[in-house]
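Colleague: I am new to this structure and would like to learn how to read its features one at a time. Could you show me the model and take me through it?

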Amino acid sequence: MTLKVIPLGGIEEVGENMTVLEYGDDILVIDAGIGFPDETMPGIDYIIPNTKYLEDNKKKIRGMIITHGHLDHIGAIPYIMPKIGDPPIYTMKLTGEFIKKRLEEFHLLGRSTIHEVNKDDVLTLGNFRIRFFRLNHNIPDSVGLAINTPAGLLVYATDWKFDHTPVDGKPTEFGKLAQFGAEGVALLMSDSTNAEKPGYSMSEKTLGETIDRLLLEAKGRVIFATFSTLIGRVQQLLDAAHKSNRKVVITGRSLVNSVEICLSTNYLQLPAKGMIIKMDQAKRLPDNQVVILTTGSQGEEFSALARISRSEHKTIQIKKGDTAVVSASPIPGNERSISSTLSNLARLGAKVLYMKILDIHTSGHAYQEDLKLMVALTRPKNFMPIHGEYHMLVAHANLARDVGVPESNIFTLNNGQMLELSSAGVGVKEARIPTGYVFVDGLGVGDVGEVVLRDRQVMSQDGMFVVIMTIDKKTGKLTQQPDIISRGFIYMKGSEDLLKEVKHEVRKVVETKNKKPSEANWAYIRSEVRDQIGEFLYQRTERRPMILPVVIEV
Ligand SMILES: [Zn+2]
């Protein structure tokens, strides 16, 4: 028998992380994340992994293990769990709290059991024996997994970095990593996000000092935007606020939620009682005693910061002397909206600071030297880079080779491939299981496919053009001038000449292609109109709107 390692997401993109391990009759699922759409996916809210394979094999699923509480690792849980039989979830305390909150939002809480594990627990699920080890990442309770299987020991490490001075004072468990190395690791799977960045990632501590200084030096209020799950950053902000004698107002639903969860579970410590106050209390304090902690670090349209920047926030208005800070590295694709939010804030009179450079260097993901150290500590026989775009995986593969993993033992997979391990050896196989994107748009999951998406792309680029033809079914001739409706293509009022020509062309097509009205084939007429009018419009405008021919028989 062989161990199958099947990535369902996360190896050709950043996001929707999900990995399946299968041995005999046992399946173990690791993480269930969402991804975010790029500009080629208009209207899409999220991307989730394709779980058809798990749905077909749900009887085999022994459990789901979640490494940490970021959305690209837990976000798809509510979409997926009901389809795969609500298997039990095993995870650390804080991650469990985030999952519960998310399930609650989808009214799914209570369907599958969430087991809280401790980092020193040993878990046996079917053929898998699972141990945990603490890693550093920018959310507390991030763990890696060491999984004993009949085909050997697997070490699964994502997302992680090494930080000797993390905000929560709990560094990576290097001892355990070395121990696994001594036991003999058959396969290491590791985070490739920053595999192209030389050196070491910076400690969170450096950033803390910067935030301290910023709050001490600002003369007025500070509006500080970050990610709701960057708990370490929130702690640093609270500490800095205390040192500069400021009180903290929190705005933005996701941030209020996660601060609440973390305070009640002691993952956040308030340096002083009564530090968190409401906006109306803050209004009675001098400006230099106030920090406003807000969501919106990615420029999200409806986030608190974006609303503040458009003067649409209910209780918070920017005034001269405010300092607005964005502290979270931008998710690729969001730079534009962050930048426009910052400009709006500046227009309102705020001093604006974007901690992008500093933030990128204190990324939650390991840089090259740390990645090499991980390989050196665990000394894997085989290596598989995960979590990244394909070029990042290749960069990571090169690093592993540099520190001594033979080229032939390094496996860079594509979605749809799997790795098979047995005592006899390792090989890549075509998995022949459905992978690829499943789109979430509003309440619809998976109903927007490639075709719908292509239509949206066409419409968003060149608009649409509707041709309505009223045709006499006896004579096969148009009974009146065709009607034209255009959206996002041309402005009808200024284009009378073009429209006149189009109508003429339509008439020509109908009358030459519809010679025998008794055998009229409307689908054929429509497709001829679509092709010929499309070509005609392209010649005149060099645009390709979506053309929708409509035939009305009279
Ligand atoms: Zn993460």
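Colleague: Is Asp38 buried, partly exposed or exposed?

Modeller: Buried means under 20% relative accessible area, exposed means over 50%, and partly exposed lies in between (1.4 Å probe, protein chains only). Asp38 has a relative accessibility of 37%, so it counts as partly exposed. Before we go on: this is a predicted model, in which local features need pLDDT of at least 70 and side-chain atom pairs count only at pLDDT 80 or more, while totals for chains, interfaces and linings use all residues. Residues are numbered from 1 along each chain as its sequence is written, and side-chain values use heavy atoms, with hydrogens and water left out.

Colleague: Where in the chain is the place of Asp38?

Modeller: Helices (H or I, at least four residues) and strands (E, at least two) are DSSP runs, numbered from the N terminus. Asp38 lies in the loop between β3 (26-30) and β4 (46-49). From Asp38 to Pro286 there are 248 residues in sequence and 43 Å in space, C-alpha to C-alpha.

Colleague: How many helices and strands does the chain have?

Modeller: There are 17 helices and 25 strands. The C-alpha trace spans about 85 × 70 × 45 Å along its principal axes, and 54% of the 554 residues are buried.

Colleague: Which residues coordinate the zinc ion?

Modeller: Donors are N, O and S atoms within 2.8 Å of the metal (3.2 Å for Na, K and Ca); water is not among the atoms, so sites may look incomplete. Here the zinc ion has His68 (NE2), His70 (ND1), His137 (NE2) and Asp159 (OD) around it, at 2.2 to 2.3 Å. Their spacing in sequence is H-x1-H-x66-H-x21-D.

Colleague: Why is the arrangement of the four donor atoms called irregular?

Modeller: Four donors count as tetrahedral if all angles lie between 85 and 135 degrees; four count as square planar and six as octahedral if opposite donors are over 155 degrees apart and all others between 65 and 115; anything else is irregular. Around the zinc ion the four donor atoms subtend angles of 89 to 166°, which makes the arrangement irregular.

Colleague: What is the peptide bond from Thr158 to Asp159 like, cis or trans?

Modeller: The bond from Thr158 to Asp159 is cis, with omega near -15°.

Colleague: And which strands form the open sheet of three?

Modeller: Two strands pair if DSSP finds at least two bridges between them. The open sheet has the order β4-β21-β22, with antiparallel pairing. At its edges stand β4 and β22 (444-445), each with a single partner strand, so one side of each is left without a neighbour in the sheet. Two bridges join β21 (residues 437-441) to β22 in the antiparallel sense, and Val440 is opposite Val445 in β22.

Colleague: What joins strand β23 to β24?

Modeller: Five bridges join β23 (residues 464-471) to β24, and the two run antiparallel. Met464 stands opposite Arg487 in β24, while Ile468 has Asp483 as its bridge partner. Seven of the eight residues of β23 are buried. Strand β24 (residues 483-487) has a covered face, Ile484 and Ser486, and an uncovered one, Asp483, Ile485 and Arg487.

Colleague: Where is Glu16, and is it buried or exposed?

Modeller: Glu16 is in the loop between β1 (3-9) and β2 (18-23). Its relative accessible area is 4%, so Glu16 is buried. The phi of Glu16 is near 30°, a positive value in a residue other than glycine.

Colleague: What about His107, buried or exposed?

Modeller: His107 has 73% relative accessibility and so counts as exposed. Its place is the loop between α4 (93-105) and β7 (114-116), and its phi, near 55°, is again positive in a residue other than glycine.
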